[in-house]
Amino acid sequence: MHRNKKNPILTRADVPNIQPNLVDATSVFNPGAIKFGDKYLLMLRTQARSRETYLVLAESDNGVDFSVRKEIVHFKGIENVSDRVYHIYDARISKIDQMYYIMFAMDMEGGCQLGVGSTKDFNEFEFLGIASNEDIRNGVLFPEKVNGKYMRMDRPNKSQHDSGPTSGTTIWLSESDDLINWKQLAPLISGRFHYWDEFIGSGPPPVKTRKGWLHVYHGVAGHFGSANIYQGGVMLLDLQDPSKVIGRCRHNILEPREIWELAGQVPNVCFPSGWVVEDFDDEGFALSDSDVKIYYGAADTVVGLYHSSIQELLDAAMEPEIK
Ligand code: BMA
């Protein structure tokens, strides 16, 4: 596993002015990612000096050099939500059948909800609805139905960082028939107090491998005085019954080490939110030697790119547990 040499691959300097909302962007981070045809797409979270947050797309031929579109992503219909929506952010992108779905956090009065939108072409986006009814974040859809149901992982916000945002210590598995109404099935993993992943939340949507559903998540160590350290880790779920956790890494796979990860709007943050797995077999399983590109927000300020392979991530997920 290694960082790309061109890191950070996106900074505020790459974000064009989009009058009047986004001028002189302060930051660009926490991207959703997907391969669309032969293009790599990132759905970026950008902020203006007003601290308004916008989603903007970037595209690339090689997954490293991205150009940012001069257009704010608008989910048609979101304007009809009756309660005030302050920000939408942290998009996670899944392809299910021939449709692309985007789950994102919606900061609203009374907390954070999960929104879901769809697109066929990444030019027009439709808002499908609010897919939650409690304070919750980090919702990610599985790339296919399991046992006839849509599946997602999500992280209810049942705790709070010291004088900071609401957070959580358990990732749940939920199922749905329509992507809007969700039923909680089972808790998957919980925070390990005193270790690297005390608070946790899903990263990019899971990927199907012959060994199970491979999933990258983030963990927060909150026991360092005023610093919450955000890191990346990996876990593995049973293919037929994803409520069964087969493995979970002992060590993080990614932690703040570079200066642009250690310093910024929010110091000490590596927040993996998108990935592109390059190679699949004919039945849709990721190949173990496939290259994996993990895109992450660094210090809530820039975007980093981390390279790995399916095999390396599977090995990490099967490390002996912390006893
Ligand atoms: C989390 C979310 C992320 C953010 C991270 C670090 O609670 O708000 O969007 O990147 O904190 O600030």
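Ala 299 sits in the loop that runs between strand S23 (291-298) and strand S24 (302-309), where strands are DSSP runs of E of at least two residues, numbered from the N terminus. The phi angle of Ala 299 is near 55 degrees, a positive value in a residue that is not glycine. For most residues other than glycine, phi is negative, and most peptide bonds are trans. The structure is a predicted model, in which local features need pLDDT of at least 70 and side-chain atom pairs count only at pLDDT 80 or more, while totals for chains, interfaces and linings use all residues. Residues are numbered from 1 along each chain as its sequence is written, and side-chain values use heavy atoms, with hydrogens and water left out.

Cis peptide bonds come next. One joins Asn 7 and Pro 8, with omega at about -10 degrees, and Pro 8 belongs to the loop between strand S1 (2-3) and strand S2 (27-36). Another cis bond leads from Gln 19 to Pro 20, with omega near -5 degrees; Pro 20 is likewise found in the loop between S1 and S2.

We can now turn to the ligand. Around the ligand (a heavy atom within 4 Å) are Asn 30, Arg 45, Asp 90, Arg 137, Tyr 230, Val 266, Val 269, Phe 271 and Asp 300. By class, this shell holds 4 nonpolar, 1 polar and 4 charged residues, with Ala, Val, Leu, Ile, Met, Phe, Trp, Tyr, Cys and Pro taken as nonpolar, Asp, Glu, Lys and Arg as charged, and the others, Gly among them, as polar. Polar contacts are pairs of N or O atoms within 3.5 Å. In one of them, a polar side-chain atom of Asp 90 is 2.6 Å from a ligand oxygen. For Arg 45, the distance from a polar side-chain atom to an oxygen of the ligand is 2.7 Å, and for Asn 30 a side-chain N or O atom lies 2.9 Å from a ligand oxygen. The ligand taken alone exposes 300 Å², and the protein buries 88% of that (Shrake-Rupley method, 1.4 Å probe).

The ligand takes up the space of the largest pocket, as more than half of its atoms lie within 2 Å of the grid points. A pocket is an open set of points on a 1 Å grid over the protein atoms alone, with protein on both sides within 12 Å along at least five of seven lines; a cavity is a set where a 1.4 Å probe fits but cannot get out, and lining residues have an atom within 4 Å of a point. The volume of the largest pocket is about 780 Å³, counted as the space filled by probe spheres set on the points, which are joined across faces, edges and corners. Its lining comprises 40 residues, with His 161, Pro 165, Tyr 230, Val 266 and Asp 300 nearest the centre. These 40 residues divide into 13 nonpolar, 18 polar and 9 charged. Among the elements that each supply at least two lining residues are S2, strand S3 (39-47), strand S19 (212-224) and strand S20 (227-237).

The second largest pocket has a volume of about 670 Å³. Of its 25 lining residues, Ile 34, Lys 95, Pro 143, Val 207 and Phe 280 lie nearest the centre. Two or more residues each come from S2, S7, strand S18 (207-209) and strand S22 (270-277). The lining has 15 nonpolar, 3 polar and 7 charged residues.

Finally, the structure contains 1 cavity of 30 Å³ or more, and the largest cavity holds about 40 Å³ of space. Asp 90, Arg 137 and Met 103 are among the residues that line the largest cavity.

Notes
A polar contact is a pair of N or O atoms within 3.5 Å; within protein, one must be able to donate a hydrogen and the other to accept it, and residues adjacent in sequence count only if both atoms are side-chain atoms. Helices (H or I, at least four residues) and strands (E, at least two) are DSSP runs, numbered from the N terminus.
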